[in-house]
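Please look through the two chains with me before reading on. My notes follow as numbered points.

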Amino acid sequence: MRGFRSMLYPYVVWSFIMIVIPMLMIVVYAFTKEGNSVTNILFTLDNFKSFFNDTVFIEVLERSIFIAVITTVLCILLGYPVAYVIAKLKPASQVTAVLMITLPTWINMLVRTYAWRGILDKNGLINSILGLFGIGPIKILETGFAVILGMVYNFIPFMILQIYNSLSKMDPSYLEAAADLGANKAKTFFKVTLPLSLPGIISGITLVFLPAVSSFFIPKLLGGGQYMLIGNVIENQFLTTGKWGFGSAISMVMAVIILIAMYIARYIDKKLSVKGGLD
Amino acid sequence: MKQKKHRYIFSKTVLALTMVFFYLPIIYTVIFSFNDSKSLSKFSGFSLQWYEKMFNNSDLMDAVFYTIMIAVLATIISTIAGTFTAIGLSRSNKVLRAVMEQINDLPVMNPDIVTAIGLLMFFSSLAIKKGFVTLLLSHIMFCIPFVILSIMPKLRSLDPNILDAALDLGCTPAQALIKVIVPQISSGILSGALIAFTMSFDDFVISYFVTGNGVNNISIMIYTMTKRVNPTINAVSTLIIAIITIVLVAANIAPAIKGKKDTAADNG
């Protein structure tokens, strides 16, 4: 019995070396001067200062947050009806629908994102359809719109599945009770269904905002070279200029933004579920 | 009555639009991989020229080879390691388990790019040559947590008495493990392996940062090829879509066939 416990120990060592140490290195590099030796580590905030004092980087930061927020909001607004419709299907059709939504997420994100280039291109599918009506061609590729579209496309399945999970767990007798007590359809939805599906929305927000704010190949593939997000800046620091300290500092700024976003999501969840319970 | 009909139309429309949105890019890629011109909007005729170009591109073929090699090795290693760890984890004390679960969550919760730069700095500091080894180690590193996460729920619902019974009846611990525990959690192991394979096969961000010296996977090749219009990418993409579809179908059919055999055996 007890012997089985020792099966864990190799992974304790492995995860300390492969997970914990690399994470610690990011923190150390972010807070120390370049060219440290092991015996002489100098603490500094220079990396963070040079990030926040540069208007170009601040602009990138704002743009990244903006895009991630828009993506998350769109995923909720577009994903909710889909999840709702699926939850109302017959059980067998629900399984099929969920499978159909899960399937594309198993296929390489880069492949699916690249495919949009053909569809959105100046000579692509959408513009040739518009051309039949004598419209365009419109420049869609290499705009903010294309980036947001690519992000919504890649991340909305997570939102749909999370909302669907919480909707399908809901006891239908709540809806009957609301109807018996005289609530109309809209009131039932806003007072019963929506508050009960809130946990799904909250975990969906985490699953969408996190990859959206850190993505760097979607802006590069669909936004063109000029459309920089924070992930692209990190990429450049490590793969082009080799400024590890600065790159580490930026990734820590990004981690803080993600933590704040999660905190806000949980706070809203708490507030609204308390309110929903009182009304 | 009328309202019901409206609702029916609404739900059909929503579902249809969703499916078009999700599958249009995939179908588009597959169709245009067979196009005989460079055009991305006009299908001018059937041809296999982009596949020919793909098979003649030795860098691309190397990348396909590396992708499959890494995915297979990372899946085997991380599935075995993850299964061992999960069983050990389910038997360990609360504190150690809580700490390990936290650490295990790090690569799952962290943005890929953060994991990637951590590994990049780690490998570079140790002066490990970037390439196949760093790629494989990184893939094992991010696959194991998913294997553990898919096995743990199965272990939690396992009756602890079964193991005691096996040991009382004279099984050695190793026998008890292989004959009693592993069969009970096999569905968790299988889904863990499936997740590991697709995660490794599809990975771009982490691979892009930790590899070097000409060792690329398919995703990295696509990323570097996208600078120009290049329909060969559609052929590669179609190949990837085909491989993943085959793996998924096989993974879904295998348990179904096994289930049928079991019921047949029970009935016989």
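1. Between chain B and chain A the count of salt bridges is zero, and this applies to a model that is predicted. Polar contacts do occur across the interface of chain B and chain A, where eight residue pairs qualify, both residues at pLDDT 80 or more.

2. Helix H1 (residues 2-32) of chain B gives the largest share of the side of chain B that touches chain A, namely 16 residues. Sorted by class, that side of chain B holds 54 nonpolar, 22 polar and four charged residues.

3. The contact is made by 80 residues from chain B and 69 residues from chain A, and the area buried between the two chains is about 6,700 Å², with 81% of it given by carbon and sulfur atoms. Of the area that chain B buries against chain A, Phe22(B), Met121(B) and Tyr223(B) supply 10%, which is more than any other three residues.

4. Over all chains there are 31 aromatic pairs. One of them joins Phe204(B) and Tyr223(B) in a tilted arrangement, 4.7 Å centre to centre with 50 degrees between the planes, and these two residues are 19 residues apart in the chain.

5. Tyr223(B) also pairs with Tyr208(B), here edge-to-face, at 5.1 Å centre to centre and 75 degrees between the planes; Tyr208(B) lies in helix H10 of chain B and Tyr223(B) in helix H11 of chain B.

6. Why does Tyr223(B) count as buried? Its relative accessible area is 5%, and buried means under 20%; Tyr208(B), at 18%, is therefore buried as well.

7. Phe216(A), Phe217(A), Phe204(B), Tyr208(B), Phe209(B) and Tyr223(B) form one aromatic cluster.

Notes. Residues numbered from 1 in each chain as written. Chains lettered and ligands numbered in written order. Predicted model: local features only at pLDDT ≥ 70, side-chain atom pairs only at ≥ 80, totals over all residues. Heavy atoms only, no water. Contact = heavy atoms within 4.5 Å. Buried area = accessible area lost by both parts, 1.4 Å probe. Salt bridge = Lys/Arg side-chain N within 4 Å of Asp/Glu carboxyl O. Polar contact = N/O pair within 3.5 Å; in protein donor to acceptor, adjacent residues only side chain to side chain. Helix = DSSP H or I, 4+ residues; strand = E, 2+ residues; numbered from the N terminus. Nonpolar A, V, L, I, M, F, W, Y, C, P; charged D, E, K, R; others polar. Phe/Tyr/Trp six-rings, centres within 6.5 Å; stacked < 30°, edge-to-face > 60°. Buried < 20%, exposed > 50% of the residue type's maximum accessible area, 1.4 Å probe, protein only.
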